[in-house]
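The briefing below groups selected local features by topic and is meant to be read beside the displayed coordinates.

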Amino acid sequence: MNGEDADETTRLMADAVTEGVEDDRTSRDRRPHRENIESNENADADDRREEFDQDEGRGRQRNQGREPRVRDVSPHDSEMDEEEMLKYGAKSVMMLIVPVSTCMLVVVATIASVTYYTRKEGTYLVYTPFHEEGDISQARKAGEAIANAFIVIGVVLVLTIVLVLLYKFRCYCVISGWLVLSSLMLLFFFGYIYFQEVLKVYNVAMDYFTLSLIIWNFGVVGMICIHWKGPLRLQQAYLILVSALMALVFIKFLPDWTTWAILAAISLYDLCAVLCPKGPLKILVQTAQERDEPLFPSLIYSSTMMWSIGMADRDNSADSRARPASAARVNSEDEEELLESVEGNGPTNEAAENAIRALGTHDEERDPQNEPEPDDEEEEKGVKLGLGDFIFYSVLVGKASSYKDWNTTIACFVAILIGLCLTLLLLAIYRKALPALPISITFGLIFNFATTELVKPFMDSLSSQQAFI
């Protein structure tokens, strides 16, 4: 038994030693295989890193010197833009037709009711030395009218050049004083004459103290609204009244033929002054645009607020408008870079970081809590028309109504509105400052003389024969 036990023990020990040797040999065989796998994985990682760097370099070379592509606007967006433009165009037309019509109606109503402005008393403006009086031929009247028109246009040209030079050299105090004195004379002196004649026509008794109080309040409120601040409607009403008063002064103190000659000449002057490269009005508008300053509120009728809010606020608003645009531009550039990298083997680290940073900035800017509140006094963009256009439109219609022919008056009224609509159409096409007098005044003159010489005799003959159409 003891021998057998000893043999069994010896056999078990030999088997254990044999298994240990085999395990040790197997572990030694596995160690080189694992080292080979790890070395292969490291080599693959190095190859991917090199390919990644090469792709990044190729992406940078592709983006270098390339301008960002502009996205194509969908047809729906273009249709919306066209619809908004049409709406804005129709709105702008109505914003000008209503005040122009109001100014012309005020002048026509005054001419029809107050005889003071149609009664010739031998007093004329100093700029019209030829008065067309006496028994003279029509050829001489035409010559004197043309001479007066040249003199008036020369005076207007000189005064416009002086105004442009003062504005060019920033003599704002002189310009403000000049405009304030003109507004004072119109609102107080000519306003007093207008109220006095209206009271006489309607036989209204009023003492001088009450009349002086009314004129004082009328003039002071007008000066504040025109040259400082005031409600928009009140400011527009005063500008219309000032234009009507000036038109009545021209109708009163200009000879008959001279009035028509001045209307034709002023339309040609307006065409040259606005469209010529060295035209005074074009230089004035360009200088105001370069300085980012509004033109004088006492010379321009605006459908929105005319006063400005100061340079600091304007700069801040410009920066706030520029930031979203720059963010959008960054987003488009980053998106372009991502798209191009996707076309390759994957996005680069720089492109991904820029995209994440741009998205975070865009989300912060879109946060309503970070957006500043809009300023109530910010100047809005709207339709603007010079008061000179109001004045000469009203002069044409008022002069036509002074002949007591309603056919001619209505024809001139409609012709001016048609010309104004055509001018606004050209403004929407060319997108720059255009003269508002040439088309309207040309149509008005044609309709006036055509109605006076053709339609009126025809209507009189039908009326005498009691024939109705």
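In this predicted model, Cys 225 counts as buried because its relative accessibility is 3%, which falls under the 20% limit for that class. Cys 412 likewise counts as buried, with a relative accessibility of 0%, and the structure as a whole holds 0 disulfides. A disulfide is a covalent bond between the sulfur atoms of two cysteines.

**Backbone with positive phi**

- Most residues other than glycine have a negative phi.
- Glu 132 has a phi near 60 degrees, a positive value in a residue other than glycine, and its place is in the loop between helix 2 (75–113) and helix 3 (138–168).
- Glu 132 is buried, since its relative accessible area is 11%.
- Lys 404 also has a positive phi, near 60 degrees, although it is a residue other than glycine, and it lies in the loop between helix 11 (387–401) and helix 12.
- Lys 404 is exposed, with a relative accessible area of 55%, a value over the 50% that this class requires.

- Ile 429 counts as exposed because its relative accessibility is 55%.

Technical notes
Residues numbered from 1 in each chain as written. Predicted model: local features only at pLDDT ≥ 70, side-chain atom pairs only at ≥ 80, totals over all residues. Heavy atoms only, no water. Buried < 20%, exposed > 50% of the residue type's maximum accessible area, 1.4 Å probe, protein only. Disulfide = S-S within 2.5 Å. Helix = DSSP H or I, 4+ residues; strand = E, 2+ residues; numbered from the N terminus.
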